[in-house]
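Thank you for letting me speak today. Please take a moment with the structure before I start, and then I will go through a few of its parts with you.

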Amino acid sequence: MSQRAFLELRSVACRYGNTQVLEDIDLNIERGEFVALLGSSGCGKTTLLRVLAGFVTPSSGSVSVRRREVTHLPPDKRGMALVFQSYALWPHMTVAQNIGYGLKLKKVQRSEIDSRVAAMQSLLGLDGLGARKPAALSGGQRQRVALGRALAVDPEILLLDEPLSNLDARIRLSVRHELRALQKRLGITAVHVTHDREEAMVMADRIVILNAGRIAQQGTPEDVYNRPASAFVAAFMGAENVISLNGAPQGSDFLIEAGPSNAAGRVALMGRDLAQGVVEARFRPEAAQIHPAETAVVGPGVTLEGEIAAVSYPGGHWRHAVHVGDREIMADASRAFGPGERVRVHVPADALFLFNSPGSQPANTISRVLPGKVHA
Amino acid sequence: MSQRAFLELRSVACRYGNTQVLEDIDLNIERGEFVALLGSSGCGKTTLLRVLAGFVTPSSGSVSVRRREVTHLPPDKRGMALVFQSYALWPHMTVAQNIGYGLKLKKVQRSEIDSRVAAMQSLLGLDGLGARKPAALSGGQRQRVALGRALAVDPEILLLDEPLSNLDARIRLSVRHELRALQKRLGITAVHVTHDREEAMVMADRIVILNAGRIAQQGTPEDVYNRPASAFVAAFMGAENVISLNGAPQGSDFLIEAGPSNAAGRVALMGRDLAQGVVEARFRPEAAQIHPAETAVVGPGVTLEGEIAAVSYPGGHWRHAVHVGDREIMADASRAFGPGERVRVHVPADALFLFNSPGSQPANTISRVLPGKVHA
Amino acid sequence: MSKRLLGLLLVLPALAVIAALFILPLIMSAVGAFRVEGGAFGLDNFAKTFDLYTKDIIFTVVIVSLSTVLIGIGAVAIGGYLTLGENPKAVAILRWLYRWPMFIPFIVVGQILRTFLSKNGMMNNTAVSLGLITPLDAVSFLDWRGIVIAFVWKQTPFVALLVAGAMASINRDTIEAARNLGASKLRLLFEIIVPQVAVTLTVGLILSFVTMMSVLSVPLMINAQSPTMLTADIAFRVNAYGDYGVANALGLVSLVLASSVAWIYLRQSLKERA
Amino acid sequence: MMTTASSSRSLLAALWWVPRGIVFGLMAFFIFGPLANLVLWTVAEKWYFPYSLPLEYGFSSWAKVFAPRGGALDSLRNSLVVAVLTVIVSLILAIPAGYALARLKLPLRSAILLAFLIPQAFPNLTVYVNVARIFYEIGLNGTIPGVVLVHVSHGLVYAVWIATAAFSAIDTELEQAARVTGAGALRAFFDITLPLAAPGLMASAIFVFLESLDEFTGSYFVGAPDVNMLPLLLYTTASGGNYQIASITALLLLIPSLVFMLIVERFLKADVLSRVGH
Amino acid sequence: AELTVATAGDQNMVDYINQYLGPLFEKANPGDTVRAVGTGPGDAGSQKILERFDAQAAADSKVWDVDVAVVHEKFAGPMVQKGYLEKYRGNIETGKLVTRGNAKNALGSDVDGYVMPMFNSQTAIAYNPALVPNPPKSYAELAEWAKANPKQFGYNGIKGGASGVSFVMGWVYAFGGGDANNLMTGPFKQDETTKWDGAFKSLADFTKNATLTPGNAGTLDLLSRGEIAMGPVWVDMFYSWQANGQLPPEMKLVLPAPGMPGQPMHYVVPQKSGNKALAEKFIALATSPEVQAEGIVKRFNWYPGIDANFVKPKLDEATWNKLFVDITPEDLANNGKPFPIAPYNTAILEAYEKSVK
Ligand SMILES: Nc1ncnc2c1ncn2[C@@H]1O[C@H](COP(=O)(O)OP(=O)(O)OP(=O)(O)O)[C@@H](O)[C@H]1O
Ligand SMILES: Nc1ncnc2c1ncn2[C@@H]1O[C@H](COP(=O)(O)OP(=O)(O)OP(=O)(O)O)[C@@H](O)[C@H]1O
Ligand SMILES: [Mg+2]
Ligand SMILES: [Mg+2]
């Protein structure tokens, strides 16, 4: 048998009763790696962590931790720390006791525990709350205690299940930073479940995207962000705008035919395997540029013609809903265009994700997002 | 007494035991308004909602709902729906029963309930889960059930306590949209607690920022975003970069003196009341432009000189940590600069927030963010 | 309506039943404890009580306390296994097994344990026939040990049932969180699970304590030696002498003992609520 | 390799049955040993030293218990009726009381809880004369309601204390969620709090039931001779040393208890017991 | 009408009324029914009947719910003194057949006319002939035997029932150092109670060497299980255990000198019974020589309540002799004693409580 990875899932499948949750998961994580796990709500992220931690026995496949097969090893023997999505704080212990419990288990000295707990509290902005019971904390404070409890033991392997979801942006940034610094300094191997795309991009060495219990793509943040392997991944990584184009490969390029609401264009194939015919084109609102209708647009990519339907201000730039043919797309601009104004929307070649689509229906399994309706 | 607002808190204060949580809150919310409530974790947002809902009796002040004083009215007489931060799903009821309970209370017909519940489920992407108990749901699914339970009754007043924190970006967008559409269509008055700045900006008619139990600022999203009233609000709205500058008002402008690492500059006062001396300048990473050191920078604002310390890729642009004097700031650029490279960072006048600061210490009460360390 | 008033209104019916059916008659009879010969009031009965029965009072407290401790340990062990046991078959077996004694009335407990525990009882007989001991080694347990065994035998399932129910309803995640940090089963049980069911456990133990204080048949049928339990003394005072004065004094002593245990708990829980 | 690993695992799992078997065996012996004694006595015609098993078996004692004038069946029926009524009345009284004690701010809360303890804590022999006297005066003596009331005063301690514990274990937020959804206090109680407290309440129902089935002194003073209860027979035979009849009576009492328990468990599906996080 | 009979004592008392006497009475009085309520064995059973009367008296009930009660001798006195009872013996035929003194004076109280003995019972020492081939004939021998055979003698102290009490009374009769007859017949003299120190000291020593058994039934139980070889028991209980198959048939009884107490169970009728006439009829039947012979002697091996001379003719020789297999009529005559009168009884018990621990 070949050398195992530090953490390894080998064709793991998993079910709750009749509900198949994970299927055929193969995942290797190296020592010291920081892996972000992304996926729609309910796709099995928590379950995957629970398989790693040993609370769920996979219905098939094997798990190995530290290069040892542990599929049937009980959780307390696996030496991992898990931050529970539901926090799972011990209601009968104070904040300090919750955080210090893991150290107590390791028979660390009383005074040492106290100082470690104090450090953890101040790291997480929990100073002064040490003597409170979890019931007397706010939601975000509870979440930080849960995080502190896992971090306090300096775990070799850290599993994080949306540990920052209830924190405000500022403290989230700071905790994110501390977490990453700690992880690097101590060489912690971390698997981090998050719904925050930016968080995953900034923190992770590798991003793993789960879709309906299977791995849809894994790779570096740039990879996943810029070279999504499927329409699902593209959509999941924010390329919510979708339009259908006709085109055909030509040499190292893909030629886009002019259509009712788009000009002809050309995009480098860059190794993508696209067949002639209808392609689904996906792009991010922030990658599109809006120009007044009369402006000539240059550069590779595709140019769409449309009419501004609505404008909103999410901060920093203006977000426009644009009618393009029978679709509505979102595009940002640094100035606001008026509703009804006719515009050209240019999507640069490197921001345009093309997929041969079976129909022209977008890959949209779990969420009910109607394309083009994602605006306020 | 003057005409009351639809929802009104009048100098409300509130405490848990010895912990003072809210102080002197005055808030008027009009019928059909969508108010986003932002604030650091633990600042009292949940408490404020609980005061409105009637679970917490304020220690002083009065609450009125629908222009009627209700300070001592029990929760069920207030005609509100609340989405709990902790979900508070009823474990003995199925998803469908949880969602349909409010309708059952209203004596809606069985068949009507069923169809409303089904509609709510499909709106929230919960199809097929109707017969499950909450224990058999994922975290995000639970959160959606909690939301569905509140929405199902078509409440006149809706209180939302971080209802989307555990949802992935896609479904969050879709639910956000549906929520806002529903709110507009039915004229619901909503108070929405969130940690997601963009969510608040996009959804709300008004943003209220809470700091340590007091209202720090309230206003339209643009107002709060572009004209923060205090260093705290600026920081909270993402202007995490902070530097100290010297300057003095001159006519309608504020003249910034050249310093060890900044060139002289000029910023329109625009009604701001700035005194001569040290000012705290705050700006957002995405508002700063990085130029090579040799480039001449034009336009109003301030120009800083520094050296690239680190680069990261949060998607779409490159984020740089830049050493400026003894500080570190973050700035984005569409291309990556190499570490060690000397650069100029230009902050346009309208993106620069200036405050007279007591010391040069940034206003930083609750989170432990060290300035300039907020990066990965 | 104020919360206090509403609260009082809700407890009132139950309180009225107790007051009318027990406390009132109790007062009618308990004043007898302070009545000395000739109908005047005094503490003679208490003097006699402590003179004759101090040893029995201590005996009772020790026996009942010891039993309570053992019951607590047994109940926690059973509840813990039912909650943490990994083999579903073993858990099912235990669940089926442990409850039986609960259904046996105390008086029958006395009878069957008398025949089970005595020197030539079934326990020793079985041990002898299995060759574990010789007939000469057989000892009778029909003394204080018999009482303790009878109490533990009958009351453990009662507390275990309560405790196991409470344990089943604690949040599993909190258990998993501790396992995840490497807590052994034993630590899980004592540091995570038991504290979370502490209220139920204590309530069960107090109810047991109080029940055992009032059982007459077990001491009568298993151990009539001296010292014996207060209930036996009370029955004896009444039946042999028709002496309600001392009997009621003994009753008050027993009431004070039981209440003080409950009081300690109530004070503790009051502190936690505050 | 996989197969050897899994087979060694299953071997280990099988080996675990050895200590488990020993522990369960011992437990079973200590639980069923005395019970076996009981069952043997029900059919023993002759049993004495040095025989470790009965010398003769037969059903003559059963015949005695069920003799036409023995009234055992009658007593059994009375006992059951009284026990069921006692459970119902106790729960009706204890549920509001337990709720108030758990949730509402009550003056003298501890004193109230202690009051419920008194009937169990004070040896009741001396009290029942007075209870009987009161009941004679108001004509409750010798009636089923009278006996039920007396049993209720004893059962309430279980019902109230356990109900209090059960109610205070429920997250108040669940109740608040119902209130804010528009349920009045009463409705929220019946739809949310009560079902969630049900396991505890049912446990208390079992104890009240058992307490009532076993109660003797009160039954005699208040019930007999018009309402005879099975424990009277049990008490007389057991303390007189008539093991056969006592054992049969105990067995007769055991059956309704078990049936009651099974019904209660049926009614409480396992999932009621599990609660969701937070 | 329905006649309610409350009876203290073991289940066999209830059975006796339910299975035997009741049907007999109902056959003789068509339309009337009898129901029996057992209140538990030993003094506690009688105490409960007394308390029931107390309660009804205190409640001023017009008609009491018990028509006939069967109580221990000890409780007849208090009931008469409290005025609860009907003086009925003169009204019934069989009243004249009662000759023993215990029907007139119950432990020092005058109960003449208020009670009719249902039967007489006696305590004696039961022993296992296999282990004790030569049973001790007197308390002195007994004490010696017990010293030689530690833990082989068992009795139930004074809190577990009257057989132990009876043994203690016998001990005081034997070693009390005072006038035993005065204890039995009165009148009560305070200085008599000071003479027992020696007796209790020796009893305390004796008890250390003995096994204490849990109750009347406990003594029989340990005997049947071979854990003790000897112990005081009620004769009627002894026989009913044997009849139940709970006691080896070889076991025997001996009544040591100077004697052990016995006592009758009395039929009494509450003054406020609603069925006085019927109650008297019932008692008349129950104390008729035929019933005493058939029910009391033949079925239960009890000593008859009425004069034995009226009963003996109704029985065959063999049945009659069964009563006296172990204890001869002479033994009974010489060593069958009453209990001490109530004040002495109390004094002895309290002295025992103080000195034997
Ligand atoms: N029962 C309590 N006793 C004492 N203090 C409490 C209690 N509940 C909450 N607090 C404190 O009150 C403050 C406000 O709590 P609240 O839940 O309103 O915060 P929040 O703004 O909702 O925070 P988050 O964003 O983390 O949910 C917190 O600092 C918290 O620690
Ligand atoms: N006990 C259970 N029984 C049946 N199905 C379950 C159970 N627990 C979870 N599931 C289902 O398994 C799927 C995966 O759940 P999981 O908790 O792993 O999702 P997740 O990816 O963590 O989602 P989220 O982002 O919402 O937390 C969900 O669809 C959920 O409904
Ligand atoms: Mg999850
Ligand atoms: Mg909150």
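Let me begin with one residue, D:L15, which lies in helix α1 of chain D, and please keep in mind throughout that this is a predicted model. Together with D:L11, D:L12, D:V18, D:I22, D:L26 and D:F30, D:L15 forms a nonpolar patch on the surface, and these residues have about 690 Å² of accessible area together. Two elements of chain D, α1 (2–15) and α2, each give two or more residues to this patch, and α2(D) gives the most, with 4 residues.

From there I would like to turn to the contacts between chains. Which chains make the most contacts among the 7 pairs that touch? They are chains C and D, and their contact takes 88 residues from chain D and 85 residues from chain C. As a general point, the size of an interface is often given as the accessible area lost when the parts come together. For chain D and chain C the buried area is about 7900 Å², and carbon and sulfur atoms give 79% of that area.

What do we find if we ask for charged pairs and polar contacts here? Across the interface of chain D and chain C there is 1 salt bridge, formed by C:K154 and D:D214, with the closest N and O atoms 3.8 Å apart. The count of residue pairs in polar contact between these two chains is 6, with both residues at pLDDT 80 or more. On the side of chain D that touches chain C, several helices each supply at least two residues, among them α4 (72–103), α7 (144–168) and α9 (185–214), while α2(D) gives the most, with 17 residues. The residues on that side of chain D divide into 65 nonpolar, 16 polar and 7 charged.

Chain B and chain C do not touch, although their nearest C-alpha atoms are 9 Å apart, and no contact joins chain B and chain E, whose closest C-alpha atoms lie 49 Å apart.

Finally, a word on salt bridges in general: the count over all chains comes to 67. One of them joins the side chains of B:E199 and B:R176, at 3.8 Å from N to O. This pair links distant parts of the chain, with B:E199 in helix α6 (residues 197–203) and B:R176 in helix α5 (residues 169–186) of chain B, 23 residues apart.

Methods. Residues are numbered from 1 along each chain as its sequence is written. Chains are lettered from A and ligands numbered from 1 in the order in which they are written. This is a predicted model: local features need pLDDT of at least 70, side-chain atom pairs count only at pLDDT 80 or more; totals for chains, interfaces and linings use all residues. Side-chain values use heavy atoms; hydrogens and water are left out. Contact means heavy atoms within 4.5 Å. Buried area is the accessible area (1.4 Å probe) that two parts lose on being put together, summed over both. A salt bridge is a side-chain nitrogen of Lys or Arg within 4 Å of a carboxyl oxygen of Asp or Glu. A polar contact is a pair of N or O atoms within 3.5 Å; within protein, one must be able to donate a hydrogen and the other to accept it, and residues adjacent in sequence count only if both atoms are side-chain atoms. Ala, Val, Leu, Ile, Met, Phe, Trp, Tyr, Cys and Pro count as nonpolar, Asp, Glu, Lys and Arg as charged, and the others, Gly among them, as polar. Patches are made of residues with over 30% relative accessible area and no salt bridge: like charges are joined within 9 Å, nonpolar side chains (Val, Leu, Ile, Met, Phe, Trp, Tyr) within 5 Å. Accessible areas come from the Shrake-Rupley method with a 1.4 Å probe; for residues, only the protein chains shown count as cover.
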